Every structure is written in structure tokens, then in C-alpha cells.
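Good morning, colleagues. May I ask you to look at the chain on the screen while I take you through some of its local and overall features.

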Amino acid sequence: MQRDDRTTQNAKRAVAFPRADGCRKSPEEVIGMPGARVVIVGQGYVGLPVAMRACEAGFDVVGLDVAEDRIDLLQRGKSFIDDVDDERLAAALATGRYLPTTDQAELCGFDFASVCVPTPLHDGAPDLRYVEDAARALSTHITPGCCVVLESTTYPGTTEEIFVPILETGSGLRAGNDFHVGYSPERIDPSNPTWKFHNTPKIVSGVDPESLRVVRDFYDQLVDVTVPVPGTREAELTKLLENTFRHINIALVNELAVFAHGLGVDMWSVLDAAASKPFGFMRFSPGPGVGGHCLPIDASYLSWQVRRSLGQEFRLVDVANDINKHMPDHVVARATEHLNRRRKSVNSSAVLLIGMTYKANSGDARNSPSMAVAERLHRLGADLRAVDPLIDPDEVPPHVRLVGFDADQISQSDLIIVLTDHDMLDWALLERYADRVLDTRNRLRSPQVERF
């Protein structure tokens, strides 16, 4: 759809749902009606699935992103994330109700806006510039009765202390009085075969009861279950708790794996045995480290906020960070030990890395521990090659050569390290060369394979 057509439609929408007082209808009146306009700021791993679902629910959706190459792909029907395939994207584009764009003028006339932008850490402190930029872009298009929700992961207080003031300054309106604001943390788990955006319970909150009602009414159109919480701070902390829980428990089994090796104990047998308990235990598995956007960052957000606001250290988080951060060092130490037993040094050895993304069956390489393992081996002089059919080749470090998964590559390797266990790989092929495999994921079953 051309921009001029959109502009005309926006003008029509401004008078399509008049009230007696002359104001536009509020979102709770508009939701479910044809032509309700939704803006999703950020079209990445979080924003794109939300945009697709909103379009499928019948909304007119503007997907705004500052990355021109990303928007170009979307406009051509090419998805770059695991959870939205090209067919689903093409179907959304074919409706004429999904517009991926970099043009902020397309924000005009929105009824509901969701901000799904990155919130990285810089020098240990949260970097909220993308959230702030999104708020400024939306603020000049805010109208009475509209609703703006932040979904980006952040620390408690961000919505009301940073996000809302920017919206109010740019619009000249008051949150809670003139327009609605809420926080609804993302719970996207890339490539999860069971839990998708629509069937994962959605936490919702608002800066006041009416905002909560409007936010919940909207997400009720997109997901199976919404879970309201008392306020935005509770919603913000809920997200951090979820991922801090995972981060700490992964650190526990990672450190146990290091100790178990030294004690001559099979850690995976221990985990299998403990998991047989039907209560009081939840299984987490060790590995080469943690990756993705959430785990390496969210716990640090919480630790930073506790230190800033309370002047105290969140010791459990700090210890977990240290353990998980150093797991790539443990992998390299085990690799060195493995090669030494065969009278080889890491220097000049041909090392084949299996999997470079941060999790199985995903092309997401953000903060992947495989990259850290590769960097450490490179510094020791290893000749590095990698197999990963899902990763974007541009994400592979220059000192690692991406190769095919075949018998020649495997047979020519002095050591094979399983870092990410994509299901599509021919694992039986690796079993033939089990004596030279270090498996950090417990994927192989041969007794000759060395495991964590």
C-alpha cells in the first residue's frame, strides 16, 4: 500500500469513530473494529511476531524499524527470524494491513502502540536510548484516548520514570488522564516448538486501573491468556525475576558440571536421577555458557538496579554472572586436556565446532557462548572450522571457516566440540568419530564421547 493511500486512510480514521464530545474513540471502543491502527516499534525477534499476530487478529499494523536493510527484507516478504517464516509474512503483506517501514510519518493516527526495541548493557549499565528514541517518535503522534505499551526488558521504574515523561513532554498530554500507558514484558523464546507468542501467558499492567483495562483488552485479542499485575514496576520486575531464576539455576548446574568432572562423576546421570523427583526439583542443563538477548543481560539489569537504588550488592546474581561468563574457559580447558591426551597441542590443531548460535534449532547468534569459545581457541592458535546450517554467515567470526557437515570435514579434525545441537544435523555421523568428540550438550550416546 502506498504512503498516500495510508495518509488518506488515517484522515478518515480520525473521524470514523466520533464521540458526542468530538474526541476520537478510545482504544477500548476501537479494539475489534475494522481499521483500528496498531504501531509496533521494533521489528526484530520480539516485535515481528507481535506485528504478525496483530495483523492476523484484524488490526491495521505499522511495523516501524530504524534498520533499512531489515525493513527492505520485510517489504520483499523475506523474514530473518525463526518464529516468522516467509509464508506467514507474505500472508500478512497480502492483506494490505501490514506495513513495514522506516518512515515515522506512518505513526500518525495510531490507536495502540507497542515498543519492542533492544535494551542492551553498556559498561554494566542499562542503555535505554532505543526506548527513549521510540518514546520521542511516538510522543508527537499521541492523541486523546490512545494507548502506548512498553515491552522491552528493563528495570523497575523505567515506564513511569523515563518512558512516560518523554511521552507527556512530546504530546502535551497527561498519561492516565488523556492517554493510556502500560508495560507488558516480552516472553518470546525463539524457536520454541511449543510456546509461541499467542499461547504464552502475557503479563499486562498499566499506570492506572483504566490503562490496565485498555492494555488487557488489546492483548486479549492477541493471546490466549493475559495475567494482570498491580502496576508497571511489578511487571518490570516479573520479567527480570523470570530470567534471573533461569540464569542462577544454569549457573548452579554449570559449576556442578565443572566439579563433577574433577570428581570423576557423570553429571548427566546425576541430572537424570534428580529429574525423576516429581516435586521440588526443576531440571536445568549445563553447557558452554549462556546466550541470547535475555540471560546474559536481564540478571545484570536487576543487580544494577539494586546497587543503584539500595546501595547493596545482589550477590547471588553477581556469582551467577561470573560462573556463566567463564564457562567458555572451561570448554577450552577441557579441549586442551582432550588434545594433550593424544599428544597434540591446541596450536595448529584442526578443531571443528558444531553449532555457533546460542541455542538449538535457532539462527540467533546474539551473545552466543560459541563465539567466546572460538575466540579463546583462536588465541591459542587453533585452526577453526564450524558447522551451523542456521547461522547467518555474516555472523561467523573471520577466524572461523564455515564448512559443510560431512565425513571428510569430521575425519580431518583433531577435535570436534559440540556447542549447539541442532536437530537437523546427522548426529550418527559424529558417532563414528566419537573418540575425538567433546560434547557439551549430551547429544551423543557413544561411551567414547567425552561429555561435560
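This is a predicted model: local features need pLDDT of at least 70, side-chain atom pairs count only at pLDDT 80 or more; totals for chains, interfaces and linings use all residues.

Asparagine 442 sits in the loop between strand 15 (437-439) and strand 16 (450-451). Although asparagine 442 is not a glycine, it has a positive phi of about 60°. Its relative accessibility is 15%, so asparagine 442 counts as buried. By buried I mean under 20% relative accessible area, by exposed over 50%, and by partly exposed anything in between, with a 1.4 Å probe and protein chains only.

Residues are numbered from 1 along each chain as its sequence is written, and side-chain values use heavy atoms, with hydrogens and water left out.

Asparagine 367 also has a positive phi, of about 55°, and is not a glycine. This residue belongs to the loop between strand 11 (350-354) and helix 14 (369-379). With a relative accessible area of 44%, asparagine 367 is partly exposed.

Strand 11 brings me to its pairing. Strand 11 and strand 12 run in the parallel sense and share 5 bridges; two strands pair if DSSP finds at least two bridges between them. Valine 351 has leucine 384, in strand 12, as its bridge partner. How many residues of strand 12 are buried? Strand 12 (residues 383-387) is mostly covered, with 4 of its 5 residues buried.

UniProt, in an unreviewed entry, lists residues 352-446 as "domain: UDP-glucose/GDP-mannose dehydrogenase C-terminal". Its positions are given here in the numbering I am using, feature names are shortened, and annotations may be inferred rather than shown by experiment. In the model, this span is 22% helix and 19% strand, and its end C-alpha atoms lie 18 Å apart.

Let us turn to another sheet. Strands of a sheet pair through backbone hydrogen bonds, either parallel or antiparallel. Here, 8 strands form an open sheet with mixed pairing, in the order 3-2-1-4-7-8-9-10. Strand 3 (98-101) and strand 10 (226-228) are at the edges; each has a single partner strand, so one side of each is left without a neighbour in the sheet. Strand 9 (residues 202-206) pairs with strand 10 in the parallel sense over 3 bridges. Within that pairing, valine 204 has proline 228 of strand 10 as its bridge partner.

Next, the cysteines. A disulfide is a pair of cysteine sulfur atoms within 2.5 Å, and by this rule the count is 0. For cysteine 108, the nearest cysteine sulfur is that of cysteine 146, 11 Å away. Cysteine 147 is in no disulfide either; its nearest cysteine sulfur, again that of cysteine 146, is 7.4 Å away. Are these two residues buried or exposed? Cysteine 108 is partly exposed, at 36% relative accessible area, whereas cysteine 147 is buried, at 0%.

Finally, the chain as a whole. The secondary structure comes to 16 helices and 16 strands. Of the 452 residues, 53% count as buried. Along its principal axes, the C-alpha trace spans about 85 × 50 × 40 Å.

Conventions. Helices (H or I, at least four residues) and strands (E, at least two) are DSSP runs, numbered from the N terminus.
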